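Please look at the model first.

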Amino acid sequence: MYGARFRWYRSNGKTPTVSQSVLSDIEDEASIKLLVDTFYQKVREDGLIGPVFDQAVQDWDKHMPTMYAFWTHLLFRRGEYSGNPWAKHAPLDVEKEHFQRWLILFRETVSELFDGPVSQQALAAAQSIAHSFQIRKGINPYPND
Ligand code: HEM
């Protein structure tokens with residue numbers, strides 16, 4: 001949990017005037033858990049998409065492990081995920097603004113916690129899945145249109 005963030009200071013013994021935060025990449029199951037837990041904390045507190053999840057998720061103790069498995073499979077090609085994400089999203093009454101908020105919170109979570117190629121891959125995958133869900137729902141996915 002504390003391993004994702006390191007702080008590097010000048011090593012001349014003086015009080016540092018400049019500090020730089022160096023984040024590690026998403027690199028194992030512990031990082032995935034940190035990513036998903038932090039993201040869902042934001043989601044559940046969010047005034048726009050929080051209520052959608054509250055209404056639709058019957059069992060959080062089942063949903064969270066599903067999400068760990070999904071991201072583990074997507075990023076590392078390991079584990080047991082074999083669901084059908086679209087089937088869960090097709091019935092949801094959501095608009096473009098919900099997808100935009102989902103993506104903002106996801107990007108915020110990734111950039112606060114991680115940096116590196118796997119993080120970039122997670123962002124690109126989320127963007128592309130959000131795009132395809134919107135197309136399938138008949139929503140124009142381009143933010144400024
Ligand atoms: C408007 C945005 C979104 C909303 C409101 C939303 C909401 C939900 C809800 C209510 C569920 C079902 C939970 C349950 O069955 O207990 C779910 C499942 C899931 N969502 Fe989303 N979601 C959104 C966007 C996305 C995006 C962009 C992704 C892509 C990474 C994603 C990935 C998943 C996955 C993998 C599952 C699990 C499917 C399964 O059970 O196998 N969601 N989502």
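Which residues does Trp-102 touch, not counting residues up to four places away in sequence? Trp-102 touches Ile-49 and Ala-130. Contact here puts the C-beta atoms, placed from the backbone, within 7 Å.

This is a predicted model: local features need pLDDT of at least 70, side-chain atom pairs count only at pLDDT 80 or more, and totals for chains, interfaces and linings use all residues. Residues are numbered from 1 along each chain as its sequence is written.

**Core.** Trp-102 is also among the residues with the most contacts inside the largest nonpolar core, along with Ile-26, Ile-32, Leu-35 and Val-36. That core has 14 residues. A nonpolar core joins buried Ala, Val, Leu, Ile, Met, Phe, Trp, Tyr and Cys residues through C-beta atoms within 7 Å. Buried means 20 or more other C-beta atoms within 10 Å, exposed 12 or fewer, partly exposed in between.

**Ligand shell.** The shell has 22 residues; Ala-56, Gly-83, His-98, Ile-129 and Ala-130 come nearest. Near means a C-beta atom, placed from the backbone, within 6 Å. Helices are DSSP runs (H or I, at least four residues), numbered from the N terminus. H6 gives the largest share, four residues.

| Helix | Residues |
|---|---|
| H2 | 50-56 |
| H3 | 60-76 |
| H4 | 85-89 |
| H5 | 96-113 |
| H6 | 117-136 |

**After H6.** Asn-140 lies in the segment after H6. Asn-140 counts as exposed because it has 9 C-beta neighbours inside 10 Å. The C-alpha atoms of Asn-140 and Glu-95 are separated by 9.6 Å.

Terms used: Helix = DSSP H or I, 4+ residues; strand = E, 2+ residues; numbered from the N terminus. Contact = placed C-beta atoms within 7 Å.
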